[in-house]
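Here is a protein structure to explore together. Have a look at the sequence and the 3D view, then read on for a short tour.

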Amino acid sequence: MLELRDVHAGYGPTTILHGVSLTVQAGEVVTIVGGNGAGKTTTLRAIAGVVSTTAGQILFEGEDISTLSPHDIVDLGITMIPEGRQLFPDMTVRENLLMGAYRPAARAARADTLEEVLTLFPRVRERIDQRASHLSGGEQQMVAIARGMMARPKLLMFDEPSLGLAPKIVSQVFQVIEQIEASGATVLIVEQNVFHTLKAANRGYVLENGEIVLSDDAEALLTNDHIRQAYLGI
Amino acid sequence: MDTFLQVLVNGIMLGGLFTIVAIGLTLIFGIVKVINFAHGEFLMVGMYLAYLLTVGLGVHPYVTVVALAPALFVLGALAQRFIIQPLLAARDEHVQIFATVGLSTALINLALMVFGADIVNTPSSGLRTPLEIGPVRVLIGQICILVTAVVAVIGLQLFLGRTNTGRAIRAVAQNRTAAQLMGINANRMHILTFGIGTACVGVAAALVAPLYPTSPNIGTYFVLTAFVVVVLGGLGSIPGALLGAMVIGVVDAMSGFYIGSDLREAVVFGMFLVILILRPSGLLGSRSTLSHVSP
Amino acid sequence: MRIRALAATSVLALTIMAPQAMAEVKFGALYPFSGPLALLGEESARGLEIAVDEINAAGGVQGEQVVLARGDAVDPNQAIGEARRLISLENVKAVFGTYSSSRSMAASQVAELSGIPYFELGAVADDITERGFTYVYRTNPTADSMAKLIVKMLVDKVAPALGKEPGDLRIGIIHEDSNYGTSVAGHQEDYGEEAGLNIVSVQGYPASIVDMSSIVLSLKEANVDVVLQTSYQNDSVLFLQQANEAGLKPAAIVGGGGGYSMMPTAEAVGTDLIEGVLDADFTQYAVNTDFTPGLEDFVAAYRDKYGSDPRSGHSLNNYVGAMAILQALDEADGLDPDAILKAVNAIDIENGTTAAGYGIKFGDGNQNERAFMMGMQWQGGKLVTVYPDDAAVAEMAITQ
Amino acid sequence: MIGRAASKEVGTGAKRRRPALAPMVLAALVAAVFIIPTVIDNPFVYHVFITICIFAGLSTAWNLVGGYAGQLSLGHMMFYGIGAYAGVILMNTGVSPWIGMLVGAAVAVVVAVIVSYPCFILRGPFFALATIALLEVFRVLALHFRDVTGGATGLMIQLRLGWEWMVFRDRLPALVIAFGLMLVCLFVGWLIRSRRLGFYLVATRERESAARAAGVPTVRVRLVAVAASAALTAMIGTYHAMYLTFIEPGAVFSLTMSIQIAMFALIGGIGTVFGPFLGALLLVPLTELVRGWLGAQALGLHGFVYGTVLVLAALFMPDGIMGLVARFKGTEGRPDDSTAPQAEAIAAEPRQPADTTEPTPQPATGAEIMRVDGLSKSFGGLRVIEHASFTLREGEILGLIGPNGAGKTTLFNMISGFMEPDQGDVAVRDRAGDWVRPKSPMEYAALGIGRTFQIVQPFAAMTVEENIMVGAFHRHGHVGDARAVARETAHKMGLGPYLDAEARGLTIGGLKRLEVARVMAMEPRVLLLDEVMAGINQTDVRRAIDLMLSIRDGGVSIIAIEHVMQAVMSLSDRVIVLNSGHIITEGPPREVVQDPEVIEAYLGKEFAHA
């Protein structure tokens, strides 16, 4: 479904990704593991078109999307749920969700999608008319995920969904992600909570200094010594 | 008492005038986050266009709004696309200021070349007729300005709050990256916002031209006042612009009457400085838009 | 010296773009040709140009054709620069100018220090000829004479027409707050007090003002009979309109030149509104031509050259001043500064013999002591001269 | 972040390593401003060059604030007006303008400090708007108080000739004074830029928080710049008033002229020493010529051209002439950042072949140097840090770990003065052994506490060397000493080859090291390191660890927020684990990672039971 071929990307003169290649099959949950600054977020941003690709190709359903702008990529069915929630703080939860279905394709089915999403997130429904900035961190993360789903994406990308959340909330977030998986969606997830993520994922890639250094089944990675030492601290 | 009432009403009418001029500025300022020193010159250009159309076609000045709003929309959108946008990436926001100052200078002098230094007067078509309401007198045209200002405030507020495009514009202002991830074309929204803001100036021009003499330098006066209004009301707050304009209008009228016309400007600008420093979020501004103050 | 000459030549070549002709004498024309004062600057310069045309047609000055080198005095610093350029690069024999008082103050000082005669034909600030300069002359009347005339007109004409003693008139003075308005208003206060007038309010405001309702209201509050306004065009229009709308109807409004003398002002506010408004200014066109011989010829020449009627009296007054000077120079013995001074000091032209009515004779500080302003009134959409009587073409109409 | 050329400045690092061609050309240009008019000896040419001197001087003075300090003042003529009025008013009471000049400068300094202090909280366009408003207020006040200022009628000087009165019939003396003033401005501009003050100003402009962390008194250095700028502007104002012989409020408190001097700087190169001079040198004669050609052509044409040029200059030449010069000269003396792998080895002395599983023998740590007691902080309703207490000893490495969002950086912000705690306090033992409670970043820096930022905060327009020098200035006021320290530190940190490269060109890893180098150059007693290992490749992590250990061995205490567990384990004498704002445990690294609570918090519940 998604394939990165030797992608280079970065900000201004600084190159972060030095040739990242990976694939995501339809219906899979794939995770990218790596330390801070390794380039995980940049990889997702490059796919979403927010960071421009300087070399290499990003293929989505066979089409090269590396030169498309972010809104075109959303149209193709890729949605990224950004790190740190990134809600629109002065908007209500409802408005935030509606923004998720901004593109014309998603807008047509907006009411139905909203109902589906709210069924999935009863907590969000309770808060529907509150200002996003008044929500707790966990609630905000739920809204961010719900907002991402409003676009009815074929591929949903999570960037550090558990960031800054209390452990209890983290578990809830992962429950939600598992629900999404169960519904058959394709998910690409970047997460520093390596253990949780590898538990949830089918396959994983290890990214260091802008390069993929390892890729394997999630379970294999969980027992991999390098992973255990570098990311699990044991 | 009657005099006080009259001064107050004059102030409110002036407030209406400032609102209609400042409303586009606050939109541009609050959302595109660009300080547009050429805003007053857009008004000036609009007023000259209103004059030409009114005199040339013999229509009522208010009719010209049909042409003015689109024309200025295009002017604003072009300015955003070809002057502001290329500079957004510039390392230094000061460069943008220079660019808009340059644009302002160029437009003033262009008007001087085309129309001369002489003032022109758009036919007032009955808008200067005073109405006596109890002890106070107001002009029909002033009432039209006030009503339009209030309608424009409500309209813009509804547009930003209730429509998809309006929400998208706000989304870009609140979180540009997230907005892009929602599939919103941020650059296009900025161009649109700049265009709408400038189109508001077009509406203002059609309303203001029949009441006030038009000269190349007219914008200079308005733009500084408009900045005061915007900062007072709170950056990017549309109702704030209305409130700020009313405050400035009344202060302007009161200080002109009770303190003296020569110190009016000192009072208004002094107030501006105090607000800027003591309450930078303005009367109705959101704290989250305070990008202009050090944390 | 060769190098210096070469360098000078190259700079000259860079700077001077105008082609040089033979057998001509060059004078500077220093006016604000751009910037906010450009309109009347240009209008003033036209008077000078017509005078030059006329002199050239009559054989020039001492047999040489007169050419003008233009200098653009946008602001005081540029006025200095342009004066320097005219004097040292264009080598003009004298400078004519300037319309704007602040530019004149700055530029004439350059001429004084360089020892080049400077003829002010239009700026009204008193200071220009109160500095004890040797080379600076002024042909036109000043702010002082404007205020003096207005007060005289109030005492002689307006008060009697209203059936009041001058001391019973309640007078409000408003003025734009640059040099021009402030100095006229100051003199109005002084002469007014001298004449025993009751001045109840004096207010300045910036010329760029867009709303004068506060001023109008305070005048209304003060219950004034007469409003004296010294203003440019924008503020004249605003005041007349807003006074009307606010129901401020003083028995007389007296403008001090500027906007009040201009046809576009009347067009802007409408002839109804400006009807009966008084004005003191340089000599204008609706004047008793027995008193201003040559005025019709001037207007004809103006129409010929510029294709329209003169837009204000500035051109006329510049024309009159320039003609007097140029004619004197024709009589002079050479065109070095001393010869020019000698010739100019000898000028003695009686009142009633120039196109502006006033005569020319330089007195203290080289100010033309015969210069005076005229009192005018808008009647039937025209600005007609009503005061003094020998220049008047109509009776002053004051309705109670 | 103005002026890439700022870093290429004469008088800074670039000077000694490059052929001195540029300074010679500049010196020749400056001299030409004096020589050309004296050779041609024509009053108009004199006038043009005097005007060049005046505008170059004004623009250079403006540049101290608008360029070095990055505060876009569009009301600078208020100081010029103050100087002009002081000079004229005093001259008319019989006081020489030379004295008037000093009085004007003194008044301008007082006004500048009073009005600037509150305005410094304003950023970019708002500062510009505030200065415009101030200028208008000054103009209106000058109009109003006509007893003093003559009001709108203005003031004229009595034409007294001679050196004493600054008024001359000859043009040469006038040029001498104007040229002299310009030289003073250029000299002051050069002096500030090449001394600590200049580095501090540019650092403050580029990254205020990083500058504060480096101990820069950010408010004070800006006030000094504003004061110097105001004084110079006022002095030129006095002289120019004598030259014009007549002043009025509209002309001296002029917005147009305020914008004009800023524009000269923009076109020449904002923030560079000679940019404003070049701008004035190019534009003043050009304006004169253009006015000659266009002024008479059509009303407003030359203003139109002027405005258009301003827009085009902003669009296509944002770095000005100096920027073009720098671009033309290319990137000599600077390695090609895009190809050179910047993961240059960190040149720490290799220690004994270390085994990461073996805890480093813990040297005897000294007395307590920092006590943190009961710190709490909330944002909105969210408790970010709750009642955090710990101590730090001399020569100790304290690891601070915890999941993202646990509050580590907030804790750092509170123990470096960047954030005020809601409750609790921080005490630091100063060099004399007394316990003090610092409040601001500056006070923390003064006590020898240096910090890095998780999100790197380089002074982007400065070179690597200059970046590090900003830190070095903390202990070494002299440029030469600071440079020596900076170079030594740079080499130690493996940044040696990039001394002349601009910080903005470094990779993330390079920037991380620059961040550490800058704080190291402060020679701190306590080092707060916020995730400095992130983005460094595996092999360098080992070297970085060695470097930190050698720093520690030098007696410096370190608190390190770190995610690279390998580093945490082998570095730390003690580890503090923070989760959701609470310190959940603290102790030796080995013990801490075994703690089930830690494993659960840090790695997840399932893992704890796995």
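## A salt bridge in chain D

D:D425 counts as partly exposed, because its relative accessibility is 25%. In this predicted model, the side chain of D:D425 meets that of D:R437 in a salt bridge, at 2.7 Å from N to O. D:D425 sits in strand β6 (residues 423-429) of chain D and D:R437 in the loop between β7 (435-436) and α18 (441-446), so the pair ties together parts that are twelve residues apart in sequence. D:R437 is partly exposed too, because its relative accessibility comes out at 47%.

How many salt bridges does the structure hold over all chains? The count is 45. One of them joins the side chains of D:E465 and D:R487, at 2.8 Å from N to O. D:E465 belongs to helix α19 (residues 464-472) of chain D and D:R487 to helix α20 (residues 479-492), so this pair ties together parts that are 22 residues apart in sequence.

D:R139 is in helix α6 (residues 124-144) of chain D, and B:E265 is in helix α11 (residues 264-278) of chain B. D:R139 counts as buried at 16% relative accessibility, and B:E265 counts as buried at 11%. Over in chain A, there's a network of salt bridges linking A:R123, A:E126, A:R127 and A:E139.

## Nonpolar parts, inside and out

The largest nonpolar core has 353 residues, and B:F222, C:F239, D:Y239 and D:F277 have the most contacts inside it. Helix α3 (residues 43-68) of chain D gives the most to this core: 17 residues. Leaving aside residues up to four places away in sequence, D:F277 touches D:L29, D:V30, D:V33, D:A56, D:T60, D:M182 and D:L186. There's also a second, separate core of 60 residues, with A:I65, A:I73, A:M157 and A:Y205 among them.

D:V176 is found in helix α8 (residues 172-194) of chain D, and counts as partly exposed because its relative accessibility is 33%.

An unreviewed UniProt entry annotates several parts of chain B as "transmembrane region", including residues 96-119 and 139-160. Residues 96-119 are 83% helix and 0% strand, with the end C-alpha atoms 31 Å apart. Residues 139-160 are 95% helix and 5% strand, and there the end C-alpha atoms are 31 Å apart.

Key:
Residues are numbered from 1 along each chain as its sequence is written. Chains are lettered from A and ligands numbered from 1 in the order in which they are written. This is a predicted model: local features need pLDDT of at least 70, side-chain atom pairs count only at pLDDT 80 or more; totals for chains, interfaces and linings use all residues. Side-chain values use heavy atoms; hydrogens and water are left out. Helices (H or I, at least four residues) and strands (E, at least two) are DSSP runs, numbered from the N terminus. Buried means under 20% relative accessible area, exposed over 50%, partly exposed in between (1.4 Å probe, protein chains only). A nonpolar core is a set of buried Ala, Val, Leu, Ile, Met, Phe, Trp, Tyr and Cys residues joined through side-chain atoms within 4.5 Å. Contact means heavy atoms within 4.5 Å. UniProt positions are given in the numbering used here, feature names are shortened, and annotations may be inferred rather than shown by experiment. A salt bridge is a side-chain nitrogen of Lys or Arg within 4 Å of a carboxyl oxygen of Asp or Glu.
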